[in-house]
Amino acid sequence: MRETYNLWENLKRRNVIKATVAYLITAWLLIQIADIILHSFDTPDWVMRALIVILILGLPMTVILAWFFEYTRDGLKSADKVDTQEAIRAGERIKNLILVVLSISFVYLIYDKFFVEYEEKEVHSSKITSAAEEKTIAVLPFKNLSDNKNNIYFSDGIMEAILNNLSRIEDLKVVSRTSVERYRGTEKSIPHIGDELDVAHILEGSVQRIGDKVRISTQLISTEEDKHLWSHNYDREISDIFEIQSEIATSVAENLELIITSKTRQFMTNAPTSHLKAYDLYLQAANLEDASSEENLKAIEMCQTAIDMDPNFALAYVGLANGIFDLSWKRYTPVSVWKDSVLNLVDKAIRLKPNLWEAYAVRTEVYFILNEFDKAYYNVDKVLVLKPNNSRYIGLAGEGKIRQGNYQDGLELIMESISLIPPIAVKETANRIANKLINIDRKLIYKFVRKVYENSSPSTTRGLHSHLLNAQLYDRDYDSYLETSLAASKRFKEPNFVQNLGEAYLYKKEFENARETYELLAKMNESANNSFLKNSYKHKYAYSLIMTGDSARGFSMINKYRELLLDHANRNTFLTYRASKYYDLAVIEAILNKPDEAIDWLILAWEQEKNVNFPWTSNLMGDPMLDILRDHPRFQSLLKEVTAEEALAKRIFRGKLEAHQKRGELLWLAD
């Protein structure tokens, strides 16, 4: 008993107890701080575990050091050589240290217990009440009650016009048309739909057209209470259609106590045309927007006829421009053929009606294709002034910020754009989401893409195919790359998917299969072979010829394509996909065993698409045709720069994603 007492007294005298307490409190505080800091930098879990192990191992070392040494004003001294007064002073210093650390720990505990918990409760509470308090609405597809069932384009046009009018009100969040299309003819209850779309209000209606008469019935419903807030029937002449659309949007805004600016009100009341037949043709053309090439041509003819009927019909000019633009992609028409006509049509529309957001939207797409990014983002901003809740253009504005190196604001805008997508519509918009985030958080987005790809219909997976291939290429998983390409080429018998299959065979070094695939692709692309989209596989086709013994033909083909690319590069006349052409040149130079020239082109490609759309991190990591470059210091330096940009973007993105998920948003986008 006395020995135990003496040991305890010695522990106190040598300040071992105080040193141990000080160490434990300090270690606890360090763990709390490290947890916040390491999490913010997306540090691997093993770093935290290693820190905890080090701190645990440090405890016995602290006890031993405290037993044998005292910390005095003159530094560490052997405890046996320190007198009682010096030991007391050393104990006081440790006691003061304990008080300081305890004070810091107390402040941290108060903040963590009350402020953080209060903030989380407040966020949770606001999430629960947001559906009822937020000004949110979904406009469901209007029912076509006309005897002529083909009049669905007319009821859809009425619904679209009302939705566009509501979308111009800044304080109102309006769900996009694509997200509500699933509820056409649905038997789901209003509260159920409101819950799936996370909206507080639903506007539903019907349209009946009889000769020159039209009857439109609408009702505004609270999703939480399943209660009608407002309803009205409009029995009018069809010539009053624009007035009715304006009245409906205005009535909804008044019932939701929204402020409509004078500019917005003016736009709502301005009829797009005085010629009803022209408007009818425009609505029919708009209904064919995503149709086949043949129907696309019909839409172009309808818009042109509408313009002939009313030369001041601005929307018809936009419809015509959009039709030509869409058809050019479906037919691989070179940009030089359609660029001027499309831009001239849009300019005409804007001169007629300066506040037409659809015109600025077409301009945006064209300038992106032309690599004129300043002009593209200028028009993005114009769209958002006129239609502030457009999810797609909020995301594009975010890309503009990132291109300037402003990741904080850019990613916040991108996150905002994705937050506007209802969880129920995530599958349908997965390709757009992946396009926004694939170069920001590759691992997370690939996981998201795979999940959607495995549980979706062919129409949904069509756009995700390239993202899945990029994941497999990044991992150099050429077996899976070939398997995915084979499945897609059977499902989608189009040139792009055949081209991917040719690459898959090349990566697997199955050169005979690659050659056969590229020969099939050449037959599919016999027309309009002056388009770069038609030529983009030629160097790989040439490589398959070289590797299957047809070297003369292969080198002739590859040099011909190289000369074509160099000519346009030297004259700076690439009109579209400039960075991808630089990448093609890099691969060609690598095939021709010119590593420095190849790296020069890769650097140009990176500078062209830096921070935003550089899609070839996967290629840099996995393209076997670049293997000749991998040990080159300049290639390694480029790869380091590209991946460093991604790492920076990922850290910021993860922090913003966590903040959104704490508010109950984007929970579907998780590891």
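1. Definitions first. Two strands pair if DSSP finds at least two bridges between them. Helices (H or I, at least four residues) and strands (E, at least two) are DSSP runs, numbered from the N terminus. This is a predicted model: local features need pLDDT of at least 70, side-chain atom pairs count only at pLDDT 80 or more, and totals for chains, interfaces and linings use all residues. Residues are numbered from 1 along each chain as its sequence is written, and side-chain values use heavy atoms, with hydrogens and water left out.

2. Overall make-up. The protein has 30 helices and 8 strands. Of its 671 residues, 50% count as buried. Buried means under 20% relative accessible area, exposed over 50%, and partly exposed in between (1.4 Å probe, protein chains only). Contact means heavy atoms within 4.5 Å. Among contacts with a separation of 6 or more, residues 24 or more positions apart account for 62%.

3. Strand 6 and its partners. Strand 6 (residues 201–210) runs parallel to strand 3 (residues 136–139), and 3 bridges join them. Here Val139 stands opposite Leu203. Strand 4 (residues 143–144) also pairs with strand 6 in the parallel sense, over 2 bridges. Asn144 has Val207 as its bridge partner in strand 6. With strand 7 the sense is antiparallel, over 10 bridges. The hairpin of strands 6 and 7 has 2 residues between the strands, and in it Gly211 takes a positive phi near 60°.

4. Strands 7 and 8. Strand 7 (residues 213–222) runs antiparallel to strand 8, joined by 10 bridges. Lys213 stands opposite Glu237 in strand 8. This hairpin has 4 residues between the strands, and Asp226 takes a positive phi near 50° in it. In a regular strand the side chains alternate between the two faces of the sheet.

5. Tyr234. This residue is found in strand 8 (residues 227–237). Tyr234 counts as buried because its relative accessibility is 3%. Beyond residues up to four places away in sequence, Tyr234 touches Val214, Arg215, Ile216, Thr218, Ile244, Glu247, Ile248 and Ser251. Tyr234 and Thr218 are 16 residues apart along the chain, and their C-alpha atoms are separated by 8.6 Å.

6. Aromatic pairs. A search of the whole structure finds 15 aromatic pairs. Tyr518 and Tyr537 form a stacked one, 5.9 Å centre to centre with 5° between the planes. Tyr518 sits in helix 23 (residues 511–524), and Tyr537 in the loop between helix 24 (532–535) and helix 25 (538–547); the pair links distant parts of the chain, 19 residues apart. Rings of Phe, Tyr and Trp (its six-membered ring) pair if their centres lie within 6.5 Å; planes under 30 degrees apart count as stacked, over 60 as edge-to-face and the rest as tilted. Tyr518 is buried, at 0% relative accessible area. Tyr537 is buried too, at 2%. Elsewhere, Phe242, Tyr279, Tyr282 and Phe313 form one aromatic cluster.

7. Charges over rings. The charged end of Arg392 sits over the ring of Tyr393, 5.4 Å from its centre. Arg403 lies over the face of Phe373, at 3.7 Å from the ring centre. The test is that NZ of Lys or CZ of Arg is within 6 Å of the ring centre and within 35 degrees of the ring normal.

8. Asp441. This residue lies in the loop between helix 18 (430–437) and helix 19 (442–454). Asp441 is buried, with a relative accessible area of 1%. Leaving out residues up to four places away in sequence, Asp441 touches Lys650, Phe653 and Arg654. The side chains of Asp441 and Arg654 are joined by a polar contact of 2.5 Å. Such a contact is a pair of N or O atoms within 3.5 Å; within protein, one must be able to donate a hydrogen and the other to accept it, and residues adjacent in sequence count only if both atoms are side-chain atoms. Asp441 and Ala647 are 206 residues apart in sequence, yet 8.1 Å apart in space, C-alpha to C-alpha.

9. Helix 27. This helix (residues 578–591) has 14 residues and reaches 20 Å from its first C-alpha to its last, close to the 20 Å expected at 1.5 Å a residue. The expected span is 1.5 Å times one less than the number of residues. Helix 27 is largely enclosed by the rest of the structure, because 14 of its 14 residues are buried. Asn593, with a positive phi near 60°, follows helix 27.

10. Arg630. This residue lies in the loop between helix 29 (617–622) and helix 30 (633–662). A polar atom of the Arg630 side chain lies 2.4 Å from the backbone oxygen of Leu620. Neighbours within four places in sequence aside, the contacts of Arg630 include Arg476, Asn619, Asp623 and Phe635.
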